[in-house]
Protein chains: 2
Amino acid sequence: MSANRHRVVIVGGGFAGLAAARGLKRAAVDITLIDRSNYHLFQPLLYQVATGGLSPADISAPIRAILHRQKNVGVIMEEAVGFEVRSREVVLREGRVAYDTLVLATGVRHHYFGHSEWEPEAPGLKTVEDATEIRGRILRAFEEAERASGNGDKAALLTFVVVGGGPTGVELAGAIAELARHTLKRDFRKIDPSAARILLVEATDRVLPSYRPELSAAAERALTGLGVEVLTGTMVERVAGHEVTLRSGDAGRNLATRTVLWAAGVQASSLAEELARETGSEVDRAGRLRVEADCTLAGHPEILALGDICHLAGTGGKPLPGVAPVAMQQGRYAARLIADRLAGRSTAAFRYRDRGSLAVIGRAAAVADLGRLRFTGFFAWLLWLFIHIMYLVGFENRVLVLVQWASSYFTHGRTARLITGRGQP
Amino acid sequence: MSANRHRVVIVGGGFAGLAAARGLKRAAVDITLIDRSNYHLFQPLLYQVATGGLSPADISAPIRAILHRQKNVGVIMEEAVGFEVRSREVVLREGRVAYDTLVLATGVRHHYFGHSEWEPEAPGLKTVEDATEIRGRILRAFEEAERASGNGDKAALLTFVVVGGGPTGVELAGAIAELARHTLKRDFRKIDPSAARILLVEATDRVLPSYRPELSAAAERALTGLGVEVLTGTMVERVAGHEVTLRSGDAGRNLATRTVLWAAGVQASSLAEELARETGSEVDRAGRLRVEADCTLAGHPEILALGDICHLAGTGGKPLPGVAPVAMQQGRYAARLIADRLAGRSTAAFRYRDRGSLAVIGRAAAVADLGRLRFTGFFAWLLWLFIHIMYLVGFENRVLVLVQWASSYFTHGRTARLITGRGQP
């Protein structure tokens, strides 16, 4: 690295940050990529780790390995904790890193709408640690039910509540249903795992509310077919003491359960707030940074916010969705913008090319919305498989995931169902 | 299950316990298999998890899934904590289980020869949690070295000390050397991972002391070729404050290091001691239960101890080695003994059929001792691959491990190098 080159510091090695770094491959810049993990995580498949279908490493790739041929990038595994905008520095837990251009892409974390006390009982799914924790909770519930003496305890242990009917909630509920109805079917002697109740709770009037209504309806039919109870128009009012209180209109009811999973809300990583304070930028209700049309902060052309952490109005004024394609396109856009600036060229505003949405409900069941083309069932599922395999980083990961999907397709098996961890109850 | 059938309780789902359960497939008994984990672990490959080559689930199989077709087995995931021999009960953390025949096969844990205070700084490798902890320590050392400012710190971070030159120590040291010299070679910008020092410390005068001298010599040559410093005739005198004190004869020296791995000693699981106290049985210095020629405890024909937890004199009076083949053969033997007793037949004493020993040093390097046939190098390695793949439980695991070995053979890659975990430093 040369001391005089333009210094680009990217915080976050997710889809946006990684795409930005790779997009700058040929640029005469010195890049520092900062992430608190040493791996890039393919989050869209995290629910399969949480339900024992895949191992964490199958959907992860070491950031250093991805970038090792790109000589203009240095990687630092550290947590960024703040910014010093005047001196143009990122503050790390230990030390600082100076930038000429800053790219913030640290994504989102769970949001409990003012009820952060629910978190211990209703974990969300964002990290590998979340996924192995949730996997342990789901599997341990069946283990404890096998040993429970009272019927009430057994019933509570075999009741799984997934809060939030977006893609993650739909995928999680479908996968838990398959785990209970098929994978674990003959594994127990004193309980019938297929009698487990899986409830999917969604506040709006349909699952996958960001999709078209006919796809929501197809998804709901597929979920019901798998044995998931879909409760739309239902809010969670309380999560405490192995019980959730649900409210649907005027009617409230309590449900005994030992496993509540949170897929209902996200808010921007706390670094968005730090940066907003430093720059005087605005954040939206979810804590996302409002950015200009070129993903920079108002008054700070040297700072870009990308991916889930930024609020950029799409067509119709609604913010762009927090999905991988937006993040990847913004990452590539940021790289182009930086290169253009160095070359003295101007860059048009970022424009999201929406190639469609996909959600998988279970084995051979998915919904696809490709604009004019909308379809459901087996072919949507095949398309989903194909796209997810293609976007996985690393040839070996692709083969490993394919092997496990093929095997589980034919045998209903899920071999990565380990209960691990220290200090868990 | 029928109330009148002979009740066999097996504590431990390792090689011995699982073989005993499967061996009783056709017997008219009710079997309860108790394990604190929900999976059977293929421990001989655990060092590959600890060095990022494989994922935990690749070498694990859910115990319930293995046994789900065997209707005379119930599985309980719980920790056994003691025994009540008079009433013939196993005491669990919660509740008790009554037996007619008890099979104890809970294996070994690390042994620090009276220096249990070394454990936090020098973890051993017995469980999946140990392996991911060690994997994190090794990888984090390189990450911290990349950021360290002082040369002394860098050197200490890049010094790895493996204590114990048995198969586990040899395999670990070889794998760390390959990780440093090949896998991570181009991943860093400020350090040269291939300059890392890997030391293998062995108290006796050669590595693999239980093998024949010429194979020990071949293993040492292979290790040295990989860049491992082999220190035979060397004892560890102290592990504290990022330093180990080594003693070789009269000469002592201190070595600054941040990663010490313990592969030097094991002792029987604490349940051996519990059972010895209850039955008045003898344990050896490593805490293993001394058993009769038929693996039962003296005066307690209804109690068998199998695998690493038992001390059974082999030819020459030395106890049988703590390896998987002994455990599997004893498990099958125990099943035969129990079935014979129920049929009123007598059973000959247990006889270990030693089919040989294998140890792998690195890519395409291993030593094999098959009695008359002893060889080293590529063919020993191929044999090692073949045998380990064959003994892995589960077709899918075999394919997954093969894919990852093939890939890492051609690319030197190790894709499972995640630093995970909560609350780790």
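You will find A:Phe113 in the loop between β10 (108-110) and α4 of chain A. Although A:Phe113 is not a glycine, its phi is positive, at about 50 degrees. The helices and strands named here are DSSP runs (helices H or I with at least four residues, strands E with at least two), numbered from the N terminus.

Now turn to chain B. Is B:Leu208 buried or exposed? B:Leu208 has 25 C-beta neighbours inside 10 Å and so counts as buried. B:Leu208 sits in the loop between β12 (197-201) and α7 of chain B, and its phi is near 45 degrees, a positive value in a residue other than glycine.

## About the model

This is a predicted model, in which local features need pLDDT of at least 70 and side-chain atom pairs count only at pLDDT 80 or more, while totals for chains, interfaces and linings use all residues. Residues are numbered from 1 along each chain as its sequence is written, and chains are lettered from A and ligands numbered from 1 in the order in which they are written.

## A hairpin in chain A

Strand β23 (residues 357-362) of chain A is largely enclosed by the rest of the structure, because six of its six residues are buried. β23(A) pairs with strand β24 (residues 365-370) of chain A in the antiparallel sense, over five bridges; strands count as paired if DSSP finds at least two bridges between them. Within this pairing, A:Val360 stands opposite A:Ala366 in β24(A). The hairpin of these two strands has two residues between them, and A:Ala364 takes a positive phi near 65 degrees there.

## A sheet and its helices in chain B

In chain B, three strands form an open antiparallel sheet in the order β23-β24-β25. β23 (357-362) and β25 (373-376) of chain B stand at the edges with a single partner strand each, so one side of each is left without a neighbour in the sheet. From one strand to the next, the twist averages 5 degrees; axes are lines fitted to C-alpha atoms, for helices over the stretch in contact, and angles run from 0 to 180 degrees between N-to-C directions.

Strand β24 (residues 365-370) of chain B and β25(B) pair in the antiparallel sense over four bridges, and B:Val367 has B:Thr376 in β25(B) as its bridge partner. Helix α7 (residues 213-226) of chain B lies across β23, β24 and β25 of chain B, at about 15 degrees to β23(B). Helix α10 (residues 378-391) of chain B also packs on the sheet and touches β23, β24 and β25 of chain B, its direction making about 80 degrees with that of β24(B).

## Where the chains meet

How many residues does each chain bring to the contact? Chain A and chain B give 40 residues each, with contact meaning that the C-beta atoms of two residues, placed from the backbone, lie within 7 Å. On the side of chain A that touches chain B, α11(A) gives the most, with seven residues.

The copies meet through the same surface, because 100% of the interface residues of chain A are also interface residues in chain B.

Technical notes. Buried ≥ 20, exposed ≤ 12 C-beta atoms within 10 Å, placed from the backbone.
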